[in-house]
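I opened the file to look up two things. My entries follow the structure.

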Amino acid sequence: MEKQPRLLASQLLLKNSLFEVSLNRVLLTWKEIATKKKRVSGGIHHPFKVGTSHGVSVSEILAVRELDVDSETKDDGRWQKMPQKSTEAYPYAFTVSYVERAWQHRWRCSDVTFHCLEGALCQQWVQTIREQLTALTSRPKHLLVYINPYGGKQQGERIYEQKVAPLFTLASISTHVIVTEHANHARDHLRTEAELKKYDGVVCVGGDGMFSEMVHGLVSRTQRDNGVDQNSPEEKLVPCTLRIGIIPAGSTDCICYATVGINDPVTSALHIIVGDAQPMDVCSVHHNNTFLRYSVSLLGYGFYGDVLADSERKRWMGPARYDFSGFKTFLTHHYYEGTVSFLPATDILGTPRDKTRCRAGCFICQHNGQLYSEDHQPLFLLPEYKGGWRVIRGKFLAINAASMSCACPRSPKGLSPAAHLADGTTDLILVRKCSRFNFLRHLLRHTSKYDQFDMNFVEVHRVRRFRFTPRYCQSDSELDLRENGKRLFSQICRDHPACSCSPAYSSWNCDGEILPHAAIEVGLVRIKGKILDENLLQSAQTGVKVHLPFGQ
Ligand SMILES: CCCCCCCCCCCCC/C=C/[C@@H](O)[C@H](COP(=O)(O)O)NC(C)=O
Ligand SMILES: Nc1ncnc2c1ncn2[C@@H]1O[C@H](COP(=O)(O)OP(=O)(O)O)[C@@H](O)[C@H]1O
Ligand SMILES: [Ca+2]
């Protein structure tokens, strides 16, 4: 490691010159002494020339600490003189840890140490920076962390302990960590016994299924605490105040990837620490007026539902299970008959076929998320919208609803590249029955620059709500019987790809979890309370605010 340049804090004059203090930003400006290249933990800095100044806004400072100049003495907060042997000229020093942006959306924690002539100057710097950091109210101080030891490559605990916990400690964030012991442990704990008032946010260390499970638990808890019945699709939900963070430790991790741009635990942890904010849509899924689940990424029937159903029995393979089941499902080439009805989102900016891409501060999300008439009723709730439903019957290889792009390492542009995170809509993608060859071309376009929608058997609609009814609609009891029969029947078929028959039903893949029913009604959930500010369930990570704009 090359010798770090000596930074002369003595050049940092307070208040009226280099050190300007304002509420939101303290621009730390310091003179870098000539050095060719400075390598700091994880990031490679651009070469500094003498006299350059380098600014870091306080919103990206993680911590400041007085340098423990004498390893024998405890850092009891008092200022220690540096031992004579180290540097005569600058006996005092403090270190600033801050966010360093690296390549491809990656963030790293970098340290820079300042050396000073007088102790008072250093203490004033340290004190002022700490005051500024404390003044940043958007930063979490207490987090409830759920680790899924079972998801992805089953590395959740190691990822958290080695990469995330040290950063939370550095940023003086207190955590209560729960390693889940069974499926839905996090949901049930959030829904019942978690003392949510003690925390600024909850953190999910896992994949999409785990995040979706926690959204379910948190939103259900809030409705229960406020006496709201989730079973009625028309019911307005009460917004939660807590935020949900994601540390990627799953298999697909598309929610993290689509909001941060990369699946990197350190990057996600740093976003959580600085309290970033990014809204996000949530869909509620009902069956016969019974609430089933919330979805924030993909609701997939047919191909993605069958892939998930088959892969659940292969979890021991880790993320590779999806490739194996994907290939097997592709070979079976099952199609499913049914009726899709949906309420198109009109009067909005953007289409699923345009070239917009949702980024932090997205204008389309802000515009579409605010579509209200003057009396604050969502425009499409007005009577004339009732007639707006469209109905499509057919044979489908896949029916996918993407509330976000669903970009992930396997498909960097995602299932619906132009989908928006918080625009109050979901992109409904219908893939009709076609040849294996054409379906393969469609799938492969998810991994290339070609437009996966530009095929005559594919159509995509930006909707507020939709319903799906399988062609052979049965009563619940018959359906259950049929379901069981179907599972057995489709199990036989699945295990014998040569069999050309298609089972009557697929399964719905809801953010990586199988839903118990094929006939569902889906809508962007609506909430009580003031417009906009109240409409945001925030997430500490990357500001993944779970956006509950309105619905029905
Ligand atoms: C034969 C060539 C195949 C190329 C196919 C490329 C398409 C890949 C598109 C990936 C789908 C992303 C949608 C994300 C869904 C997640 O919510 C769910 C659960 O994610 P988790 O495993 O819990 O992190 N993952 C899956 C595969 O259903
Ligand atoms: N301790 C556990 N044992 C078994 N299953 C669990 C446990 N904790 C969580 N799960 C379940 O694992 C599912 C998948 O978790 P997730 O983190 O999404 O991993 P993956 O991305 O591999 O699917 C979640 O829906 C969750 O309900
Ligand atoms: Ca959306």
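The notes below take the ligand site, then the lysine.

**Ground rules.** I worked from a predicted model, where local features need pLDDT of at least 70, side-chain atom pairs count only at pLDDT 80 or more, and totals for chains, interfaces and linings use all residues. Residues are numbered from 1 along each chain as its sequence is written, chains are lettered from A and ligands numbered from 1 in the order in which they are written, and side-chain values use heavy atoms, with hydrogens and water left out.

**Ligand 2.** I listed the residues near ligand 2 (a heavy atom within 4 Å). There are 21, and the closest are Gly152, Gly207, Glu213, Ser251 and Glu513. Next I checked polar contacts to the ligand (pairs of N or O atoms within 3.5 Å). A backbone N or O atom of Gly152 sits 2.7 Å from a ligand 2 oxygen. For a polar backbone atom of Met210, the distance to an oxygen of ligand 2 is 3.2 Å. The Arg321 side chain places an N or O atom 3.2 Å from a ligand 2 oxygen. I then looked up burial: alone, ligand 2 exposes 560 Å², and the protein buries 91% of that (Shrake-Rupley method, 1.4 Å probe).

**Lys413.** Is Lys413 buried, exposed or partly exposed? It counts as partly exposed because its relative accessibility is 21% (buried is under 20%, exposed over 50%, partly exposed in between; 1.4 Å probe, protein chains only). The Lys413 side chain reaches the backbone oxygen of Ser448 at 2.7 Å. I also noted Ala120: Lys413 is 293 residues from it in sequence and 53 Å away in space, C-alpha to C-alpha.

Technical notes. Polar contact = N/O pair within 3.5 Å; in protein donor to acceptor, adjacent residues only side chain to side chain.
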